[in-house]
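Q: Hi! Could you walk me through this structure while I have it open?

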4 protein chains.
Amino acid sequence: MAASESSAPTDPLAVDMPLRVRYVECDRMGVAHHSHYPVWFEMGRTELLRSLGMTYRQCEDAGIFFVVTYLEIRFRAPAHYDDELLLRTTQRRMTRVRIDHDYRLTREGIVLCEAHSTIGCVDRSGRVSPIPSPLRPAD
Amino acid sequence: MAASESSAPTDPLAVDMPLRVRYVECDRMGVAHHSHYPVWFEMGRTELLRSLGMTYRQCEDAGIFFVVTYLEIRFRAPAHYDDELLLRTTQRRMTRVRIDHDYRLTREGIVLCEAHSTIGCVDRSGRVSPIPSPLRPAD
Amino acid sequence: MAASESSAPTDPLAVDMPLRVRYVECDRMGVAHHSHYPVWFEMGRTELLRSLGMTYRQCEDAGIFFVVTYLEIRFRAPAHYDDELLLRTTQRRMTRVRIDHDYRLTREGIVLCEAHSTIGCVDRSGRVSPIPSPLRPAD
Amino acid sequence: MAASESSAPTDPLAVDMPLRVRYVECDRMGVAHHSHYPVWFEMGRTELLRSLGMTYRQCEDAGIFFVVTYLEIRFRAPAHYDDELLLRTTQRRMTRVRIDHDYRLTREGIVLCEAHSTIGCVDRSGRVSPIPSPLRPAD
């Protein structure tokens, strides 16, 4: 199993999530295919939300959806099959309708990848929608 | 393109769909990972339905869903990256609530894989539901 | 995170692996797409091997590969996004060149899926090859 | 089939590839999950290379590998299940060891997504390596 528990670094808006590279995630070169990194980032956002006492499933059940509108990834070194990695996900900025996250993926302290994303809040019909107050810091 | 090239064999309830193995579908051994075959079978069912004048998207929009309840696959020989394959999907049997399909995947006539599946018709809430008449042969 | 540690049931040739359904694994119906189950089964085999003191990565590094030659899955009930599931993987039978496994996927004791697979041992060139003795029970 | 339909725009270093959104590529929101776009871009690069008379498979067989080192994606509008999309892949710049590509994904002329990537040439061991001359324009 991908392992133990997600843990919170000192920053309350960051979370460290361990993950183990799956066989199916590796390609002919024997390294994790780059298309799986966005999946791991999504898992990081989910765990960050969970660490704040909510689940993304509850959000969607309540008609609150987040869609990825921007993604930028710098791949620095490959990850291999069965590697144990650590993904730090940090919420960098929140506006009325969007959230920016930073990601840093490491293996034993070595940075394999750095990334940034923007997610936007939409309603069930896909229209831009204000992020509900339980998810927003006090003004 | 899944669609463009699909052709109907003599059996009206069968369809041949060409497909090319994607890079991301191959694993460390350099062959198509077995978890992608069910995806190709699903595409085969979609094209079979299209050849009958319907789309599965229309079905779901109308509240008719099909869920896979059984799947059996025999892998005979590996498929490699960029291989051009041919998938024959045949509807073998339809009851009031389920459909059985056969699949045969070949590369230049050589059989790589044979499979069978059962899909069941359910409504939006997931309850077993009769297959609507436009999808059923005349009684 | 998918959670805690894999644990060994009383059967030494079985292992229980917890897993959490990823967002990307769910489809338009909101349930885990059936093509991801074979991925989970593969993870189960990996953890079973690990519980026996080996890793599949070591096997491949030593030129020992296992390919799936048969797979049979019965889907009994859907798994949903963020569900915590338990997969029990059991080694049922080993011959000189192949291993049969059983799988049972549950959520809070309810069986969602049962499956069987056969994997065959091959060398780097894909030829059938005897399973090396460290992996085989004493005769 | 990814291949069959690809057509060359007036720019010799661009290629248009049609693609149909697969069921498995769509998520709970009913739209194509963002992690599949990098897969489509990779297919676009493959078809661009093919339009130039080579295949990426030949490259890898000859010990020439390309790894993605940078990826930036702007998602403008969602793609839905069974949508027929058109991906234009353009080679924007080539240095001695890397190639920059642009991507534009459209549905009936409407831009759904724009992206950029950098791929670097490496040898079998993963070391940066000059792009072989058959792939490079005349000096």
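**A look at the helices, strands and contacts**

A: Happy to, starting with helix α1 of chain B: its buried residues are B:Tyr37, B:Pro38, B:Trp40, B:Phe41, B:Glu42, B:Met43, B:Gly44, B:Arg45, B:Thr46, B:Glu47, B:Leu48 and B:Leu49. Buried here means that 20 or more other C-beta atoms lie within 10 Å of the residue's own, with 12 or fewer for exposed, partly exposed in between, and C-beta atoms placed from the backbone. Helices (H or I, at least four residues) and strands (E, at least two) are DSSP runs, numbered from the N terminus.

Q: Before we go on, what kind of model is this, and how are things numbered?
A: This is a predicted model, in which local features need pLDDT of at least 70 and side-chain atom pairs count only at pLDDT 80 or more, while totals for chains, interfaces and linings use all residues. Residues are numbered from 1 along each chain as its sequence is written, and chains are lettered from A and ligands numbered from 1 in the order in which they are written.

Q: Back to α1(B), then. How many of its residues are buried?
A: 12 of its 15, so α1(B) is mostly covered.

Q: What does it pack against?
A: The buried residues of α1(B) pack against β1 (14–20), α2 (56–61), β2 (65–75), β3 (84–94), β4 (98–107) and β5 (110–122) of chain B. Contact here means that two residues have C-beta atoms, placed from the backbone, within 7 Å.

Q: What span should that helix have?
A: At 1.5 Å a residue, the 15 residues of α1(B), 37–51, should span 21 Å, and the end C-alpha atoms are 21 Å apart, which agrees. The expected span is 1.5 Å times one less than the number of residues.

Q: And what follows α1(B)?
A: B:Gly53 follows, with a positive phi near 95°.

Q: Switching to strands: how does β2(B) pair with β2 of chain C?
A: In the antiparallel sense, over 5 bridges. Strands count as paired if DSSP finds at least two bridges between them. The bridge partner of B:Glu72 in β2(C) is C:Glu72.

Q: What about β2(C) and β5 within chain C?
A: β2(C) pairs with β5(C), residues 110–122, also in the antiparallel sense, over 10 bridges. There, C:Tyr70 stands opposite C:Thr118.

Q: Now chains A and D. How many residues does each bring to the contact?
A: Chain A puts in 18 residues and chain D puts in 18 residues. On the chain A side, α1 (37–51) and β2 (65–75) each supply at least two residues, and β2(A) gives the most, with 9 residues.

Q: Which strands pair across it?
A: β2(A) and β2(D) do, in the antiparallel sense over 5 bridges. A:Tyr70 stands opposite D:Arg74 there.

Q: Through which surface do they meet?
A: The same one, because 100% of the interface residues of chain A are also interface residues in chain D.

Q: Zooming out, what pattern does chain A follow?
A: Along the sequence it reads β-α-α-β-β-β-β, with 2 helices and 5 strands. Buried residues make up 38% of its 139 residues.
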